[in-house]
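My notes are set down in the order in which I made them.

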Amino acid sequence: MNARIAEVSRETKETQIRVKINLDGTGQNQLATGIGFFDHMLEQIARHGLIDLEVVAKGDLHIDGHHTVEDVGITLGMALAQAVGDKKGIQRYGHAYVPLDEALSRVVIDLSGRPGLDMHLPFKSGMIGQFDTQLTYEFFQGLVNHAFMTLHIDNLKGENAHHQAETVFKAFGRALRQAVTPDPRAANQIPSTKGSL
């Protein structure tokens, strides 16, 4: 399998984003979005997905974090789509349950070529540090739309918003790791009866 590395830059009047990703990394990361808790969550994706990830974002944080978080999701989705390529020989599906103290979340991924997000994450708090918890949805919506994946996120238990978010981002990393892992029994095969994804 060829090196699965991509680098994408995206610039609008609201944000300037650069994302570099290596799907076959070790979890190394360099993250600078200007939103500390968001960097912490991106770190979970990298470490638990064993994905090398660089994200540099400059956004209109004097307004709020919405544009920055959403546009990082979009740009990461674009980079992921490039890195995974034609999807020959990958598992395609991934799932993970991750607990953190009282919180428990489940994430299920299908690298289907069709964007879709179903998310049930009833946060117990509106803010975690400087991070608006509503932006979790915006991040994942931007990501699935540009990575062309189906993504189901369910926070099954949780009383602490930090724990709720962290279980979701860790589980996403774990599920993504499984989905992009090569399948030795299906090398060079598209994992679909249609012959394309």
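**Entry 1. Basis.** I worked from a predicted model, in which local features need pLDDT of at least 70, side-chain atom pairs count only at pLDDT 80 or more, and totals for chains, interfaces and linings use all residues. Residues are numbered from 1 along each chain as its sequence is written, and side-chain values use heavy atoms, with hydrogens and water left out.

Entry 2. Two packed helices are described by the angle between their axes and the distance between the axes. I took helices (H or I, at least four residues) and strands (E, at least two) as DSSP runs numbered from the N terminus. Axes are lines fitted to C-alpha atoms, for helices over the stretch in contact, and angles run from 0 to 180 degrees between N-to-C directions. For H2 and H3 I noted an angle of about 25° and axes 7 Å apart. H2 passes H3 in a right-handed crossing (the near helix is turned clockwise from the far one by less than a right angle; anticlockwise is left-handed). The contact (heavy atoms within 4.5 Å) involves, among others, Val69, Leu76 and Leu80 of H2 and Phe139, Leu143 and Ala147 of H3. By class, this contact has 11 nonpolar, five polar and two charged residues. Ala, Val, Leu, Ile, Met, Phe, Trp, Tyr, Cys and Pro count as nonpolar, Asp, Glu, Lys and Arg as charged, and the others, Gly among them, as polar.

**Entry 3. H3 and H4.** Helix H3 (residues 135-147) and helix H4 (residues 161-180) pack at about 15°, their axes 12 Å apart. H3 and H4 are therefore roughly parallel to each other, and H3 passes H4 in a left-handed crossing. Thr136, Phe139, Phe140 and Leu143 of H3 meet Val168, Phe169 and Phe172 of H4.

**Entry 4. H1 and H4.** Helix H1 (residues 36-49) packs with H4 at about 35°, with axes 7 Å apart. The crossing of H1 and H4 is right-handed. Residues in the contact include Phe37, Met41 and Ile45 of H1 and Glu166, Lys170 and Arg174 of H4. Its classes are six nonpolar, six polar and four charged residues.

**Entry 5. Cavities.** How many cavities of 30 Å³ or more are there? I found two. A cavity is a set of points on a 1 Å grid over the protein atoms alone where a 1.4 Å probe fits but cannot get out, and lining residues have an atom within 4 Å of a point. The largest cavity has a volume of about 40 Å³, a volume being the space filled by probe spheres set on the points, which are joined across faces, edges and corners. Ile21, Ile45, Ile51, Leu53, Leu76, Leu80 and Leu176 line the largest cavity, which gives seven nonpolar, no polar and no charged residues. The second largest cavity holds about 30 Å³ and is lined by Leu80, Ala81, Val84, Lys87, Leu111 and Ala147. Helix H2 (residues 66-84) supplies the largest share of that lining, three residues.

**Entry 6. Asp52.** Asp52 lies in strand E4 (residues 52-59). Leaving aside neighbours within four places in sequence, Asp52 is in contact with Lys20, Ile21, Asn22, Gly25, Thr26, Gly27 and Gln28.

Conventions. On a 1 Å grid over the protein atoms alone, a cavity is a set of points where a 1.4 Å probe fits but cannot get out, and a pocket is an open set with protein on both sides within 12 Å along at least five of seven lines; lining residues have an atom within 4 Å of a point. Angles under 35 degrees count as roughly parallel, over 145 as roughly antiparallel, 65 to 115 as roughly perpendicular and the rest as oblique.
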